[in-house]
Every structure is written in structure tokens, then in C-alpha cells.
2 protein chains.
Amino acid sequence: MTKDKKTLRIAVDAMGGDYAPVEVIKGAVSAARDPDTEIVLVGPLDIIKSELAKYDTSQLPIECVNADEFVKEGEPPALVLRQKRNASITVATKLVKSGDADAVVSAGPTGAVVASALTILGNAEGMERPVVGGPMLGFSPNTVIMDFGGNVDCKPYHLLSFAVVGCAYAQKLLNISNPTVALLSVGSEEGKGNELVKESWPLFKRSGLNFIGNVEGNDIVTGKANVVVCDGFVGNVMLKFLEGLGVAMAKWFKANLSGKLPDSELDKLKADLLARTVGADIIGGAPLLGVNGVAMIMHGRSQALQFARAIGQAKVVVDSGLVDTVNSELRRIGEKLAGKEN
Amino acid sequence: MTKDKKTLRIAVDAMGGDYAPVEVIKGAVSAARDPDTEIVLVGPLDIIKSELAKYDTSQLPIECVNADEFVKEGEPPALVLRQKRNASITVATKLVKSGDADAVVSAGPTGAVVASALTILGNAEGMERPVVGGPMLGFSPNTVIMDFGGNVDCKPYHLLSFAVVGCAYAQKLLNISNPTVALLSVGSEEGKGNELVKESWPLFKRSGLNFIGNVEGNDIVTGKANVVVCDGFVGNVMLKFLEGLGVAMAKWFKANLSGKLPDSELDKLKADLLARTVGADIIGGAPLLGVNGVAMIMHGRSQALQFARAIGQAKVVVDSGLVDTVNSELRRIGEKLAGKEN
């Protein structure tokens, strides 16, 4: 495989997600029409090729790489990756490691994507556990939430590493030069919060980050801080709660406004309301941060549109140099704290 | 003070809340116009009386009880209650203890309301920490969330007591005869969750409650369980997040739909959307559960409408016999678990 310098190659796990391979391949074909995008579809060749045959791909930069196996939802990731050495997510991630792809995109089980990334790409120095996060709400597009769910039991130094990664995200993907950082808590004053927040406060205080203290749930909506740090349990509950709200609001919108406004306007308004509330769906995928490469995590329920968007977002992440910034910032803050603690 | 059997007497902390005493007294006057309601306003008599003079209360069953002091937001509750023995919240709570009032309503600092209730009314047997909860969303009016924020670091037996209280709430206030109970987590399968959830699962399993396992954030919106249990950190973050969303959505509604529908219809739709999302505001106040009496917790930012509603809700809570059910259910589940563990 050769790689054009100007073009980014995205390895796509064709077997990942509830609607794989149909929706994955539909989305990948659509993304392959974008300029400067090459797609590498990874999975059982016969399945991929028969699915690809539905489209005219003769002019599109799509390659296929064989992987006989794949991880199913509910399989324990670590175990399965040892047993299925030729799983699509593993093979796709190895393409990133070898430089044959710039990023891997998968809607397969998050645990398997994370395990592959950790095993094959390796974790960033100072980052014990990788993290997934990003803006959650269109109402506050400049507020990054970390963690969305991978790390449910955290220590203060985990939260600090999420904050460092969140700052890198805000800098490189949102162009915020000196992002403000806050701990998500139940009150804004120092001393308000659970044990984790209270123990994290002094560490954040002396980290050199632009730490503004605690924020509360409502402050996420108003964008009071650029980086809001919480453990993955809280982040995941909020994220899914929000998604549930999005679905309910969309139904409510249809039931209560249909026929009262022109359909086109209604669709536009509904889309806008959803974009402002359930922002995460709009991006399609979020980068796993704290590993040495770009791996995009997606919802299992993603469809073609989300795959196309996740591939687009993968290119943005690669272009931004976010991974390098995460690594250098983790090193910088780690050294600063080590110096202070000597 | 005499008490008509048919009439409920509600002690109102006239000095509690961001808009006290003006909005408290406005709301209390409005509530006093309801049948079978007597109001006892508690606070510095001169302040209360000069505020009451704004209204024609000659025909209304409003009494005033003097309390020279009050607790300010930010004051440490335990300390302040020791120092301010004649604080309005303390005096109002004592009226419940002595039987001179059926419930106390306060929008003062939650910590002070809880401390007063615990000290003066006492905690229910088997309930180490009182809890505040209730339905959170109009989309799922039959789903009670416990805890909304008082208990940020919990052990499994705390969560179990919240579940028992939540079931009593669902039975007595929502007329649900055998409420389903779930632990809020990051995945529905057993074994998914943080340490607290994983440790709580077996306790819930053998509690005899109608335990259906874990639910996720989105399941709150669809009402998958009648009682969803989480620690107060998670509950508080969600509740405030939702409130922030409500404010943002109301603004969005105004900005995007004004002029496109008749104002009256717009107002109705906006009110409905907010009721479905930010349900907690609609009720005005929530009972503190696990103490031997009815104490209603309110938002500091409550205004007259919320005070009137909280007073109405206090009457509903008293009428329902919820406090007795909480006590008897805590005893029953406690005995059941003790029996099993012998």
C-alpha cells in the first residue's frame, strides 16, 4: 500500500456496529467521494465485496483488507482479542500502527476498540487509561466533557489526565488557546462534591492548567468552562440521558407541531433542536485519546450518515495533530507536577 | 394553636430562599386561599408583617410565629444551627415535631433544612441519611429518581435505603402497586457499572424489592423502571443539567418559533415541553424522606408559584401517609435482609 501525502487513509472496521456491514459500507462509500480521502475496508473479503457490489465504486479510492473474524457485542473484549487474532478491529488498528492508515474508525464494541488501541498502538506516557470525550451539546459547542464512559471508577490523577487531554482537544479541535478547566460537581464552592472531586481539587489547583474550580450540571449547558471533567460513570449517564431526551423531544416535536408549520421548516427546527441537544450524534464519532494513534469510537447504533461523519471527523483529528499535542501536554503537566512535588 | 382535623397546617420558613421573604409570602398567601390549608409563617415578625401588609389577608388562615434569626446561603448548616437556636427553619421544624404543623416548607439552604429535620424530627429507623427524590421528567412521570443530591458518597446499603424510600414514594404518591426498581449504570447487564453499582447489585437482588437490574441514562426518559437509584452526586448532576437544558430550550423556543405560531399556542407548547423535561420545577418542592415528619426541600431560586405548589405538594405528602410507609417499608426490608443473613 502506498500513501499519498496529501490524502488521508482511513481504516474502517466493516464489521463493527449494529448495522454492519450494510450501513458501514454505505457510509464509507459516501466518505470515499470526499476529496483527499482513501478508505480501507477491513473484514471478511467475501462479505465486504458483495456489499460493495451494490455501489459503483470503480472511481473511488476504496481498498479492502481481509480479516476473517470480528468481535460481537457482549463478548469480553480482552478475551476475544486474544482468541480472535484476525478480528477486523485488530487488523484495522494494525494498519494505523504500521502507517498504512492514518486512523481507524469502528462502531464495534467500545471495549474491543479500546483494547485493540491500547494493545496495538500503546497508551500515551502519563495516561493510564484512554478517554473519550468532546462537546456534548450544541448549546455549548466550546465545552468538552471528559470522560464519556470508559473509566467508571477514577482516582484524582485519572481526572487530571482527562483534563490535560480535554485541553488538548479544546486547543486543537476547537481553537481555544487557553481553555478553562473545571471539575463537575454538586456545588461551585471548593469543598462541595464527592470524595473524588474534593481530592482532585488540590491536584488540579497546582497543575498549571487554567483551573476555574467546580461547575454544576447546568453550567455544562451555558458553557461556563471549556473542559469539564468527570468520571466516566457520570459522563456516560449524562450522555445517554441526553440521547434519550433527544429521541423523546423529536417525537414530541412531531406530535405537537406537525401540520402547524410547513414540513420543511419543521424539519429544520427539529434538526436544529436536536443538534443543540444531542450534539454527539452529529459528529458521528469521537477520538479515543491517550493512545498513540487515531482511533474513532462510535455508537453501536450508527448508520451510514454517522460513518461518513466519523470518517470525516477522523481526518479532522489526524490533521489537527491532536495525538501529538495530547502526548506533549501529558508530558509537560507530568513534569510540572513532579517538579512541584520534589 | 388549635388544629382543625380536616385542615392541614403548613409551616413556611419565610426567610428561606433567594427571594425571601417577598416571594415566600406571596406564594404562601396564594396557598392560604386553597381550602383546608392553614399557613404558619415563621420568621422575624416585623419583616413578615410588613410584607403581609401588602395583601388583604383578613379572611385568610395565616398565622405568624416569631423567629429572630435565619440561615444564609453558604453558612455551614450544622454550625449555624448550633449558634442560631432561633433560626426560622429550626422554629418551623419544631412546629412539626410538636404537632402544631403537619409539614414544614423551606427554600433555605438544603443543608440547613436537612440538619433541622434530622435533629428535630429524627431519622427513620434503618435510614442513616435522608434522601430527596421524585419524578424528574414529564416524559416519564412514573419514574422516581433517588437521590437528587444530598448523599454524594454512598455505600450499597445507602442505595438500598433510597430504593425502599423510592418504592414507598411510587406507591403512595404515584399509585404504583409493585414498583420496579433499577440501579442507574453504564450498561444494562449485571457486572456493568462502577464499584458501587456492582457491590449494590447482590444486595438489591436479595432485598425482596421488585429489582429489574441496571438501567442506563436513556432509560430514565423512557420510564423503564419506576424507581431508579443513584448516588446523590450523579442525581444532582443530572437534575441540574436538565434544568440548564430547560432554560436553554425555552430561550431556543422563543428565538425560533416566535411569530410563527400564535403566542397563546406557543406559550402552551413551551410550557408543555418544559413540563416534560424540567418536571421537578413544576412540583415546587420535594419531601425529604427518611425523617419522622414532612419537610419539603425547595430550590433556593423558588418564586411565589413554586412556594404555592410546594405547600400544595406538602399537603399531598401528608395526606398520602408517605412518612409512615417509608418507616414501615424500611423496617420490613431491614428485617427481611437480617433474616436472610442469619
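**View 1. Strand β1 of chain A sits inside the structure.** All 6 of the 6 residues of β1(A), residues 8-13, are buried, so the strand is largely enclosed by the rest of the structure. A residue is called buried when 20 or more other C-beta atoms lie within 10 Å of its own, exposed when there are 12 or fewer, and partly exposed in between, with C-beta atoms placed from the backbone. Strands (E, at least two residues) and helices (H or I, at least four) are DSSP runs numbered from the N terminus. What you're looking at is a predicted model: local features need pLDDT of at least 70, side-chain atom pairs count only at pLDDT 80 or more, and totals for chains, interfaces and linings use all residues. Residues are numbered from 1 along each chain as its sequence is written, while chains are lettered from A and ligands numbered from 1 in the order in which they are written.

In a regular strand, side chains alternate between the two faces of the sheet. Here, L8(A), I10(A) and V12(A) point one way, R9(A), A11(A) and D13(A) the other way, and all are buried. Look for A11(A) opposite V40(A) in β2(A).

**View 2. The sheet of chain B is an open one with 11 strands.** Its order runs β3-β2-β1-β4-β11-β10-β5-β6-β9-β7-β8, with mixed pairing. At the edges are β3(B), residues 62-66, and β8(B), each pairing on one side only. Neighbouring strands are turned by 30° against each other on average, direction ignored; axes are lines fitted to C-alpha atoms, for helices over the stretch in contact, and angles run from 0 to 180 degrees between N-to-C directions. β2(B) and β3(B) pair in the parallel sense over 5 bridges, and V40(B) has E63(B) as its bridge partner in β3(B). Helix α6(B) packs on the sheet, touching β5, β6, β7, β9 and β10 of chain B, and its direction makes about 160° with that of β9(B).

**View 3. Helix α7 of chain B has a buried side.** Its buried residues are L196(B), V197(B), S200(B), W201(B) and F204(B). Seen down the helix axis, they fall within an arc of 140°, so they line one face of α7(B); that arc is taken over the directions from the helix axis to the C-beta atoms. These buried residues pack against α6, β7 and β8 of chain B. Turned away from the buried side are the exposed E195(B) and P202(B).

**View 4. Here chains A and B meet.** The contact takes 35 residues from chain B and 36 from chain A, where residues touch if their C-beta atoms, placed from the backbone, lie within 7 Å. On chain B's side, α8, α9 and α10 each give two or more residues, and α9(B) gives the most, with 14.

View 5. T119(B) lies in helix α5(B), residues 110-121, and counts as partly exposed with 17 C-beta neighbours inside 10 Å. T119(B) and V291(B) are 172 residues apart in sequence and 9.6 Å apart in space, C-alpha to C-alpha. In helix α13(A), residues 322-341, you'll find E335(A). The C-alpha atoms of E335(A) and G126(A), 209 residues apart along the chain, are separated by 9.9 Å.

Conventions
Two residues are in contact if their C-beta atoms, placed from the backbone, lie within 7 Å. Two strands pair if DSSP finds at least two bridges between them.
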